[in-house]
Amino acid sequence: MPFFSILFNHPAPPLDGIQPPACLRDLNLDQIIEAVTAPKQDYDLKPFFYLPLADDGAIAYRQEVTRDLQDKTWMAHICAFAGRMAAARRYRTMTEKLDFEYHKKGWFLEAALTYCEAVEGLAEALQTTPLASRGLQGLREYVLAYVQSPAFRLLADEARQVKAGLAAVKYSLIIQTGRFSVRRYEDETDYSLEVEKTFARFKQGAVKDYRVNLYQGTGMNHIEAKILEFVVRLYPEPFAALDRFCERHADFMDATLLTFDREVQFYVAYLDYIAPLQEESGLPFCFPEMGEERQVKARDAFDLALAENLRYEGAAVVLNDFELRGAERILVITGPNQGGKTTFARMFGQLHYLAALGLPVPARQARLALCDRLLTHFERQEDIRTLRGKLQDDLMRIHDLLKETTPRSIVILNEIFSSTTLKDALFLSRKIMTRLLELDVLGVWVTFLDELAALNEKTVSMVSTVVPENPAERTFKIVRRPADGLAYALSLAEKHRLTRAQILERIRP
Amino acid sequence: MNVFLLYPDRNFDPQTPLPPNAADLTQDLALETLWQAMAQGDKFLFETARLVLLSGSQEMGVIHYRQQILQDCLKNPATVRALYQIPIEAIENKQRHWLGIFSHYPAGILSSAVEMLEMLVGLLHRLRQIADEHAADFESPGFRRFFAMIQQELDDACFAEMEAHLRQLRFREGVLLSAELGPGNEGTNYVLRKPNTPDGLMKRLLSRKSPVYSFTLHPRDDHGARALGELRDRGLNLVANAAAQSADHIDGFLTVLRRELAFYIGALNLYEQLTALGHPVAFPGLHPAEERRHTYRGLYDVCLALTMRKRVVANDGEAEGKDLMLITGANQGGKSTFLRSIGLAQVMMQAGLFVPAEEFSANLCSGIFTHYRREEDASMKSGKLDEELKRMSAIVNHLRPHALVLFNESFAATNEREGAEIARQVVDALLERRVKVFFVTHQYELARGYHERQAPNALFLRAERQPDGSRTYRVRPGDPQPTSHGEDVYRKVFEKER
């Protein structure tokens, strides 16, 4: 198979000018994408996140690559490659702005060396590190052929010889007031060490580091240029070799590798983002099974955006399950406010969207449905129109939504019609529900209308629950049946783990 | 060079986190009063007393080591106070002459470091002098090692070497650097070198035969002069760091000396006050943590003594082989004071201090914890019993066998039967895990339960009450009685009114 792209198993679709899907904001996926891509601004990754895939082959292609990259060794290889490629590009750009000849040529050589290291490191990784994905297999074939090509070999060998010649140069510099001299180095001893040795007896552990971080790098002033000029006179041969190298290798970067360098960051960015949630917060992620059947199931799923916020607060994330089996199509969520209903709805949508990007989803286990569209309607709290205007606006949005809906779509509705009378709301909701069920779409509907929950065999009732003995306290658990009112009769001492048996358990003899 | 006056093999680390019960211990034992007496208004002495007392040792060897040093201090107060003046003077000199390494350029760092070093080397001379004159007066292993080290490390050769560097570091002849070509052919690895001419002089280096290219800057080339200065800075970076770190190391040595002596200075202060007030002190007899020992004569609450500035009630007693001491009896009968005197003596003993008693011996413990009844929680977040249990649970998190827990009216925020049941659950478990417990309670129900068991490892103490209802504030062996004589207190208060 020819190597197209690490993101697509077929020629990549055009991504220019792609717009974010409308559901992102309702599902808080915009926050997630923002946070995922923020550390990788240079790679312009957002367009990749705006294109969910509806084809299970394309999704499987990405899942395979992600599985490979989840391995810490692979992640380290990719990071090393990316770091070197970025440096090589930076040096190359920099040479265009420099003034002194051997300064310029020195950085050109550095760019070439770094690029060679990047490519060779990647080739080495591809040969030694196990990989199973078609994506990385294709890359391996391509890269191995490239590093063995005569053009690349010549570039790498020559760059190293020239560098070795320059690195062997060592000179002395004598600085006096208003004057300096340059000569060959003649094995003079290091004076700083002598001072250190005398005072070493007073050492009391770590002290402040007084070494000044003297900015050094992209600049060369006329004094340094003059010194370099003297050094060229003292050691002419290595500089002649550098001249020859620059003439021969004006353009050395490979276009396919440049594309790979950008695209692979799609995976890296997401895996970096979920890593602390997996490792610090111990939250589960999995690769969902994807199918055309209208059957979904997830265990221990959570809202990814919320989990990230809670991680900063150090609070625990509540995990929830859902399932639609047989004829069931729509989860109807009711229950007390602030009980995690909206979060649950978002979670359902996020799981499907992330799955369609070919990425691991926030759940312990999941089987999800392929979908052509993910459509959402969440109440807009900032709306300050009149009640009548709002109802009308709601209905218009629902109307547009239904127009786009196909049997392969997923629909998520959150507290619609909450601003109208109960009777109206029920009437309208029944109408909409009937339409949705006719279309046979999958979805979640968060509502205050208990009647909707038991409409027919296609709707499943789920309820947000409270702590039985303290109804003011939410559990953020959404369960398939009403709370059973089971109370725990824990004594205060037991709650603090202070019974005799508990203390004996806690203090080790 | 190490100070090692608080531990035989290491310095005291003021960054060591305090034990988790530090705040409770401070409050319940009124430790601030003790530290104030040790500090005499000096913040540093206060802080040191606080850190050392709160992080007491559990090793007999360490405590004994400190006891011996402290005995030397009590014999040679003038020499010890003179030693303490050396680090104090370093601080004063720095403040007076604006010494310190504040520059952001190697050349500036270097010249400040050289000034600092000159001042510090002067103080080291003084330290050597004190060692030469007074080392023979000290007997403790700690001080003997310290003075021997000073005489050995700070010998005349060492002073000569340091002074030679202080002259050389001014670089009157210019600097010699070696360098290599880094990325982009930019100069890198600038290393300061010592000319390898026989007399170390730079000008001989330049008159040698090997090719030399020189360049003299135009007098108005400010940019060039600055660039050359930057290169010079690169060369001086490491030596400036070495000199500055050397200054810091000596300064650090003096800081450690100050920190460790501060504890003994505090002890001297405390000793002088207690002696002036006529209170006895004793160096306690130490027993291993596995044993159960407690024998005391004339044990008093040192904080109360310091506050009242007169003689206070002292207790005699022994609790050899006992795990549980249950103290019951009259309200305002001296139970809390007694409990505090037990806790304070333990804290002071484990820090290596003398203790407020004529005689005292006890086993060490793996941690000292207090669980006192508290005022109502202002935040109203949790009920009172809930709050007490929360604190107890936090204590349990840190308990290990052979810890000491002092309970004062704990678990009384509920009805007596429930409170007693919770307390019994807790105490039984602690005893089983070999935790030593002192429990002050006015609740008869709890005390009665233990009394009926007749356990040989329990000792019952009671705040004394004369038949006429008056109190002696002494705590003596005695079985629990069903009333705490609240009536007495009531009568006392109301009769006063009349």
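How high is the mean pLDDT of chain B, and what share of its residues reach 70 or more? I looked this up before anything else. The mean is 88, and 92% of the residues of chain B reach 70 or more. I keep in mind that this is a predicted model. I also noted its scores, ipTM 0.79 and pTM 0.59.

I went to residues 376–382 of chain B, where pLDDT stays under 50. The model has five contacts there beyond four places in sequence. Residues 484–489 of chain B are also below 50. That stretch has 12 contacts beyond near neighbours in sequence. Where pLDDT is low, the predicted coordinates should not be read in detail.

**Chain A in outline**

I counted 19 helices and 13 strands in chain A. Of its 509 residues, 39% count as buried. Next I checked the contacts in chain A between residues at least 6 apart in sequence. Of these, 74% join residues at least 24 apart.

**Where the chains meet**

I found 69 residues of chain A in contact with 80 residues of chain B. Which helix gives the largest share of the side of chain A that touches chain B? Helix α10 of chain A, residues 222–234, gives nine residues. I sorted that side of chain A by class: 33 residues are nonpolar, 15 are polar and 21 are charged.

A strand pairing also links the two chains. Strand β2 of chain A (residues 179–184) pairs with strand β3 of chain B (residues 212–216). The sense is antiparallel, and there are five bridges. I picked out Ser181(A), whose bridge partner in β3(B) is Ser214(B).

**Two helices in chain B**

I turned to helix α5 (residues 77–96) and helix α6 (residues 106–134), both of chain B. Their axes are 10 Å apart, and they pack at an angle of about 175°. Are α5(B) and α6(B) roughly parallel or roughly antiparallel to each other? Angles over 145 degrees count as roughly antiparallel, so α5(B) and α6(B) are roughly antiparallel.

I listed who meets whom. The α5(B) side includes Leu83(B), Ile86(B) and Glu89(B). The α6(B) side includes Leu123(B), Arg126(B) and Leu127(B). By class, this contact has nine nonpolar, three polar and two charged residues.

**A sheet in chain B**

I traced an open sheet of four strands in chain B, in the order β4-β8-β5-β6. Its pairing is mixed. β4 (285–287) and β6 (315–318) stand at the edges, each with a single partner strand, so one side of each has no neighbour in the sheet. The twist averages 15° from one strand to the next.

I followed one pair in this sheet. Strand β5(B), residues 294–299, and β6(B) pair in the antiparallel sense over three bridges. Leu299(B) has Asn315(B) as its bridge partner in β6(B). Helix α12 of chain B (residues 335–351) lies across β5, β6 and β8 (359–363) of the chain. The helix runs at about 75° to β8(B).

I checked Asp300(A), which has a positive phi of about 50° although it is not a glycine. Asp300(A) is found in strand β5 of chain A, residues 296–301. With 17 C-beta neighbours inside 10 Å, Asp300(A) counts as partly exposed.

Gln454(B) is not a glycine either, and its positive phi is about 55°. I found Gln454(B) in the loop between α15 (444–453) and β12 (458–465) of chain B. Is Gln454(B) buried or exposed? Gln454(B) is exposed, with 7 other C-beta atoms within 10 Å.

Note on methods. Residues are numbered from 1 along each chain as its sequence is written. Chains are lettered from A and ligands numbered from 1 in the order in which they are written. This is a predicted model: local features need pLDDT of at least 70, side-chain atom pairs count only at pLDDT 80 or more; totals for chains, interfaces and linings use all residues. Two residues are in contact if their C-beta atoms, placed from the backbone, lie within 7 Å. Ala, Val, Leu, Ile, Met, Phe, Trp, Tyr, Cys and Pro count as nonpolar, Asp, Glu, Lys and Arg as charged, and the others, Gly among them, as polar. Two strands pair if DSSP finds at least two bridges between them. Axes are lines fitted to C-alpha atoms, for helices over the stretch in contact, and angles run from 0 to 180 degrees between N-to-C directions. Angles under 35 degrees count as roughly parallel, over 145 as roughly antiparallel, 65 to 115 as roughly perpendicular and the rest as oblique. pLDDT is the predictor's confidence in each residue, from 0 to 100. A residue is buried if 20 or more other C-beta atoms lie within 10 Å of its own, exposed if 12 or fewer, and partly exposed in between; C-beta atoms are placed from the backbone.
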